[in-house]
Amino acid sequence: MGKDPTKPRGKMSSYAYFVQTCREEHKKKHPEATVNFSEFSKKCSERWKTMSGKEKGKFEDMAKQDKVRYEREMKNYIPPKGEKKKRFKDPNAPKRPPSAFFIFCSEFRSKVKEETPGLSIGDVAKRLGEMWNKTSAEDKQPFEKKAAKLKEKYEKDIAAYRSKGKVVGGAAKAPSKPVKVNDDDDDDDEDEDEDDDDEEEDDE
């Protein structure tokens, strides 16, 4: 099936905007030059890593604006017959909890990068997978317990989230009691995990 021309253009990341800007600058300076995409991408990646947060801010703002544009257009997009519409993801919905392996990765990823700085993202993931497989069941327990705790919290949060605003028999269903969460550390860990992923996506 061909690509639907009416489908909204996908949202761009801050790094994608940066690469686009670099490409435009290069084209202005060297309009006749042929670009070696692999070499060009490598240079862009190296330059991006050395940029400060302030320098990246411009591209991050562009990405945020494009995300708003994409979400707005996807709400109004009607896919052709026979093609399923991608379900819109509510940014306010509770985030799925990480697995025990994911928690393990977030804890040891920086250590692997420090020991072998030349590894690519794929190689780092492979190394972490090997480390996890060699870890004994006893040593995996802390990560599995934490994952189970986060999963339990997620199930309570998603139940409360789904109950909000739903109408049953013509009357609004009363929302569930707010879930009291005392384990602030777990929330912080989840945020750190997401930040790690964002950084890796930017590095690609």
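In which helix do Tyr15 and Phe18 both lie, and how many residues apart are they? In the predicted model examined here, both residues belong to helix α1 (residues 14–29), where a spacing of 3 residues places them about one turn of the helix apart. Their rings form an aromatic pair that is tilted, with 6.2 Å from centre to centre and 35 degrees between the planes, and both Tyr15 and Phe18 are buried. Tyr15 also takes part in a pair with Trp48, which is edge-to-face because the planes stand at 70 degrees, over the 60 degrees required, while the ring centres are 5.5 Å apart. This second pair links distant parts of the chain, since Tyr15 lies in helix α1 and Trp48 in helix α2 (residues 37–50), 33 residues apart. With a relative accessible area of 9%, Tyr15 falls under the 20% limit and therefore counts as buried; the corresponding value for Trp48 is 0%, so that Trp48 is buried as well.

The count of aromatic pairs comes to 11.

The buried residues of α4 are Ala100, Ile103, Phe104, Cys105, Ser106, Arg109 and Val112.

Helix α6 (residues 137–163) comprises 27 residues and reaches 38 Å from its first C-alpha to its last, close to the 39 Å expected at 1.5 Å a residue. In α6 the bend amounts to about 30 degrees and is located at Phe143, a residue that is itself buried. Other buried positions of α6 include Lys140, Ala147, Leu150, Lys153, Tyr154 and Asp157.

At the level of the whole chain, the secondary structure comes to 7 helices and 2 strands, arranged along the sequence in the pattern α-α-α-α-α-α-β-β-α. Of the 204 residues, 26% count as buried, and the chain exposes about 15,500 Å², of which carbon and sulfur atoms supply 50%. Among contacts in the chain with a separation of 6 or more, 70% are accounted for by residues 24 or more positions apart.

Notes
Residues are numbered from 1 along each chain as its sequence is written. This is a predicted model: local features need pLDDT of at least 70, side-chain atom pairs count only at pLDDT 80 or more; totals for chains, interfaces and linings use all residues. Side-chain values use heavy atoms; hydrogens and water are left out. Helices (H or I, at least four residues) and strands (E, at least two) are DSSP runs, numbered from the N terminus. The expected span of a helix is 1.5 Å times one less than its number of residues. The bend at a residue is the angle between axes fitted to the seven residues ending there and the seven starting there. Buried means under 20% relative accessible area, exposed over 50%, partly exposed in between (1.4 Å probe, protein chains only). Contact means heavy atoms within 4.5 Å. Accessible areas come from the Shrake-Rupley method with a 1.4 Å probe; for residues, only the protein chains shown count as cover. Rings of Phe, Tyr and Trp (its six-membered ring) pair if their centres lie within 6.5 Å; planes under 30 degrees apart count as stacked, over 60 as edge-to-face and the rest as tilted.
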